Amino acid sequence: MGLYHNKKIAFLFIFPALLLMLVFIYYPIFQNFIYSMFRWSAFSSEKIFIGIDNYLRLFKDPVFYIALKNNLLYASFSIFFQVGLGLIIAAILEEKFLRKYQPFFRTVFFIPAIISITVAGLLWQLIYNPNIGIINEGLRAIGLDNLAHPWLADGKTAIFSVIVMSQWQYTGYIVLLFIVGIHKIPQELYESAMIDGANSIQKFWTITVPQVKEMIIVSVTITIIGGFKVFDEVYVMTGGGPGRSTEVLSSFMYRSGFRNDEMGYAAAIATIIFVITFLLTLLELKISHKKDEV
Amino acid sequence: MYFCGDPSIGSYIKLRREKEMKMCRAAFTVCLIVLLLVTSLVGCGSKEPAHNIAEGQAGTSDKVEIKFLHSWPRPEANAYFQEVITAFEKDHPNIKVKMEAVGDEAIKDKLRVMMGTNSQPDIFFSWSGEFANNFIQSNNSLDLTEAFEKDTDWKNRITRSAIEPFTYDGKIYGVPLRTNAKFFVYNKDIFEKNNLSEPRTWDEFLYVLEELKQSGVTPISFGNIYPWAGCHYITGLNQKLVPENIREKDYDPAGGEFSHYGYIEAIEYLKDLVDKGYFNNGFNSIEHNMAIEMFYSGETAMMYLELIEFGEVDKDFKGNEWGFFPLPAIEDGKGNQNHITGAPDGFMISSKTKYPDEAIAFLKFLTSQEMGEKLVTTLGWPSAVIGALNENNAEPYLIKGMKALEEADDMALWLDTDIHIKISDVYLPGLQEVLNGRKTPEALMKEVQEIAKKVKEEIY
């Protein structure tokens, strides 16, 4: 009994895991913050202390705001399509008349999620190709020539084109999460609703949505944080271009650090990304905690 | 905490038993901790002997391993280097060369990252110009002047103009592998069908483009998703429109002003081609390789390509015949009209290498007459070794290309490797936006001037 109350011994057991966490997670975060106060390059070991200059410069840098805006767009579109549309798709797939075919649709929706992002990115680059891409060819085939557009080449449409690809890839994943969630809802609820004469839409709003609330919160968190961490899609499909129009925070950080060799500046961007995702996670924890208390 | 209320026998026994159990558990815990400590100590300890063994082995057999990083992961190129290494290791049984290859875009990042660590490759690929200067100025690259002076045979067999861009403050820091230049490659069938000939001046060029467009062919293939492709046009146009002494001063980070009007004109010339519809649609989202395919299949009439790509063109071109011409001269341009856009690339040796002599020996071997000729025959690359490319072993197009290179006054190095990286990071993506019509050439050059000023302040 004493063993379970002895904090010293408990600490001893936690210590190895704690040490690993400290060394590999917390220390690098701290170190990154320190690095962001210097002007330094990977080429040389010389570091010049410049205080918060990197942050001041960052807040004046127009590219930072383009990147931030793109991340916000990414996150909001992801919530709308992945969580919103995903939930609707899951509810439809769970309808009685579709149950029989559900495994087929589930697989179809999930397949994009298992394709590597690089492959998917190149695939979509071809889909968007202005001359031979299936989108423009399709538009021309049905006589909508004037809608054909160099999607990725135009700074106005490029970021949306990348976002669309992400939705294609990850909606199926969220759908799967929701299907699992809906499975857990007691069938009796639907039955009694049916007896009361509720239609499908009413059942969706009054039973499905409240019952999978927890899952919705989890999915929203996943997609928002994903929206702020996005890198590969942009890097593969546009490289941040044309111009800087599809730059997101992490590609901006990558470019500053490894292309322009301004490690201090990149560290400052990394700190900002950390702060944003950290705050979002805190918010999520708070919301789900509140729910538990109720 | 535990508290016993009534000291009866039963509870006494219970207490005893609990006490024993407690001791037992404590002993168990102590055992566990000891075990943990011992294993961790063993873990640490076992490392040392292993390390000693490795060192001992190296000591006894005298086998030296040098790391070699190049930028051509394609199978054919990799096979060439593997052959060179095998031959070299046969000659030098005490040296083992460990090769690694990463692509063009990736190596820019990889080298920057590696320079900050101690795991630098002994021999690494580099473009010439500002890209190489970065390594030189940060003392990451070994001074090879002495090695070159000692072995005059070696020095004399390498093209002088190819060594030049690897020189800094009169010292040589790199060994060029191949030279390179940029030409417009065109489809002769399409030209003949429209009664067109190779243009020599910009006006003739515009005429050719207009005729091609009227005939329903897309005149030029262009893949600018990574903006270096557009930057190669600007490299040539800048050098034809900006006086040479001003351009050289501007490209040096210490004196960069970029205030000459020629820079704006250069962008306008390129923009003019875009506005007139001479490029394929959506070039800013198309990869260079995809654009080449359009040229091969005859969808487009020409493309701005590098000499080192000629081998592939010859193999994959689907029409009957192809030819090439340099960027046409601009009659009233203020720059030198007899320059050619291009640059050598090659290898540098890390200043932190433990085996400088072995690394130099390998580079000497790589740039020997035999290996130079092999580079020409197997890959069709214009070797920097003098005479490696000759009538006996090279295709006529390579010889013609090399001749054009020799006739040119000088080479204009690629803009993106010739100016400071931070300037090119504004210049190149900005170019995409200008071509998209979202920024004016004047606005872009203003941004370039600002960043050039900042770079100057930061460095000096």
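In the predicted model, chain B is divided into two domains: domain 1 takes in residues 63-179 + 343-406, and domain 2 takes in residues 182-341 + 420-459. The centres of domain 1 and domain 2 of chain B, taken over C-alpha atoms, are separated by 28 Å. Where these two parts of chain B touch, domain 1 supplies 13 residues and domain 2 supplies ten residues. On the domain 1 side of this contact, helix α17 (residues 396-407) of chain B gives the largest share, with five residues. Sorted by class, the residues of domain 1 of chain B that touch domain 2 are seven nonpolar, two polar and four charged.

Chain B as a whole holds 20 helices and 13 strands. Of its 460 residues, 42% count as buried. When contacts in chain B between residues at least 6 apart in sequence are considered, 78% of them join residues at least 24 apart.

Several strands of chain B can be described through their pairing. Strands in a sheet pair through backbone hydrogen bonds, and they do this in either a parallel or an antiparallel manner. Strand β3 (residues 123-127) of chain B is mostly covered, since five of its five residues are buried. The burial applies to both faces of β3(B): Ile123(B), Phe125(B) and Trp127(B) lie on one side, Phe124(B) and Ser126(B) lie on the other, and all are buried. Strand β1 (residues 64-70) of chain B runs parallel to β3(B) and is joined to it by two bridges. Within this region, Phe68(B) stands opposite Ile123(B) of β3(B). Strand β12 (residues 345-349) of chain B also pairs with β3(B), here in the antiparallel sense and over five bridges. The bridge partner of Trp127(B) in β12(B) is Asp345(B).

An open sheet of four strands is also found in chain B, with the order β8-β9-β7-β10 and mixed pairing. Its edges are formed by β8 (218-221) and β10 (322-325) of chain B; each has a single partner strand, so one side of each has no neighbour in the sheet. From one strand to the next, the twist averages 25°. Strand β7 (residues 182-187) of chain B and β10(B) run antiparallel and are joined by four bridges. Phe184(B) has Phe325(B) of β10(B) opposite. Helix α13 (residues 288-296) of chain B lies across β8 and β9 (300-306) of chain B, and runs at about 135° to β9(B).

Leaving out residues up to four places away in sequence, Arg157(B) touches Gln369(B), Val385(B) and Ile386(B). The C-alpha atoms of Arg157(B) and Pro75(B) are 28 Å apart in space, and the two residues are 82 residues apart in sequence.

Chain A has a secondary structure of 15 helices and two strands. Its radius of gyration is 24 Å, well over the 19 Å that the globule rule gives for 294 residues, so chain A is more spread out than a compact globule. Taken along the principal axes, the C-alpha atoms of chain A fill a box of roughly 75 × 75 × 30 Å. Of the 294 residues of chain A, 33% count as buried. Among the contacts in chain A between residues at least 6 apart in sequence, 69% join residues at least 24 apart.

The two chains also touch each other: 33 residues of chain B are in contact with 27 residues of chain A. On the chain B side, the elements that give two or more residues are α1 (9-61), α3 (104-115) and α19 (421-435) of chain B. The largest share of this side, seven residues, comes from α19(B). By class, the residues of chain B that touch chain A divide into eleven nonpolar, 13 polar and nine charged.

Note on methods. Residues are numbered from 1 along each chain as its sequence is written. Chains are lettered from A and ligands numbered from 1 in the order in which they are written. This is a predicted model: local features need pLDDT of at least 70, side-chain atom pairs count only at pLDDT 80 or more; totals for chains, interfaces and linings use all residues. The radius of gyration is taken over C-alpha atoms; the globule rule is 2.2 Å times the number of residues to the power 0.38. A residue is buried if 20 or more other C-beta atoms lie within 10 Å of its own, exposed if 12 or fewer, and partly exposed in between; C-beta atoms are placed from the backbone. Two residues are in contact if their C-beta atoms, placed from the backbone, lie within 7 Å. Two strands pair if DSSP finds at least two bridges between them. Axes are lines fitted to C-alpha atoms, for helices over the stretch in contact, and angles run from 0 to 180 degrees between N-to-C directions. Domain bounds come from an automatic or database domain assignment. Ala, Val, Leu, Ile, Met, Phe, Trp, Tyr, Cys and Pro count as nonpolar, Asp, Glu, Lys and Arg as charged, and the others, Gly among them, as polar.
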